[in-house]
Amino acid sequence: MSFNLDFEKHYPHPPERVWQALVSPDSLARWLMPNDFEPIIGRVSKFRFPRGDCDGEEGIVLVEVEEIERPECMVWLWRNTDQDETTRVTFTLKPSNGGTLLRLNHRDITTEAEAASLGGGWPGKLASLQELLGP
């Protein structure tokens, strides 16, 4: 059994501006996680996140760009190094109501616990993207 998550958020900015926030390492660090991202097919980047415990260690998510169609679509293969599963994250941007409709799909999640964790995390990250982009 696999779990799939779907989110939509409208941003009052043109697709090109939202796209830049998705592909710029500096912007990604501000709304998602610190990283060494490059928007190049086949490139594997490290995204770092603090773990919930007190030891100060970071978790690592490896993100490989599987597909990119500027400025409409980007697909990542996403693997938390603490787990064996590789999932797929798709960002799709469409012009909408003078701004951009962003669809984020996170697919092929194999455990209910991971689906719950990611399902609880992505809405906050998309809200952080809104804060980064501004009104």
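Buried means under 20% relative accessible area, exposed means over 50%, and partly exposed sits in between (1.4 Å probe, protein chains only). Keep that scale in mind for R43, which is partly exposed with a relative accessible area of 22%. What you're looking at is a predicted model, where local features need pLDDT of at least 70 and side-chain atom pairs count only at pLDDT 80 or more, while totals for chains, interfaces and linings use all residues. Residues are numbered from 1 along each chain as its sequence is written, and side-chain values use heavy atoms, with hydrogens and water left out.

**Salt bridges**

- Side chains of opposite charge can pair when their charged atoms come close.
- There are five salt bridges here (a side-chain nitrogen of Lys or Arg within 4 Å of a carboxyl oxygen of Asp or Glu).
- R43 teams up with E38, with 3.0 Å between the closest N and O atoms, and E38 is partly exposed too, at 35% relative accessibility.
- E8 pairs with R103, and their closest N and O atoms are 2.6 Å apart.
- That pair ties together distant parts of the chain, 95 residues apart: E8 is in strand β1 (residues 3–11) and R103 is in strand β6 (residues 99–109).
- Helices (H or I, at least four residues) and strands (E, at least two) are DSSP runs, numbered from the N terminus.
- E8 is exposed, at 52% relative accessible area, whereas R103 is partly exposed, at 32%.

- D108 and R88 meet in a salt bridge, at 3.5 Å from N to O.
- This is another link between distant parts of the chain, with D108 in strand β6 and R88 in strand β5 (residues 87–96), 20 residues apart.
- D108 is partly exposed at 32% relative accessibility, and R88 is partly exposed at 28%.

**The largest pocket**

- The largest pocket holds about 320 Å³ of space.
- A pocket is an open set of points on a 1 Å grid over the protein atoms alone, with protein on both sides within 12 Å along at least five of seven lines, and lining residues have an atom within 4 Å of a point.
- Grid points are joined across faces, edges and corners, and the volume is the space filled by probe spheres set on the points.
- Its lining includes L32, F49, W78, E114 and K125.
- Two elements, β4 (73–80) and α3 (112–133), each give two or more residues to that lining, and α3 gives the most, with six.
- The lining residues split into seven nonpolar, three polar and two charged (Ala, Val, Leu, Ile, Met, Phe, Trp, Tyr, Cys and Pro count as nonpolar, Asp, Glu, Lys and Arg as charged, and the others, Gly among them, as polar).

How values were computed: On a 1 Å grid over the protein atoms alone, a cavity is a set of points where a 1.4 Å probe fits but cannot get out, and a pocket is an open set with protein on both sides within 12 Å along at least five of seven lines; lining residues have an atom within 4 Å of a point.
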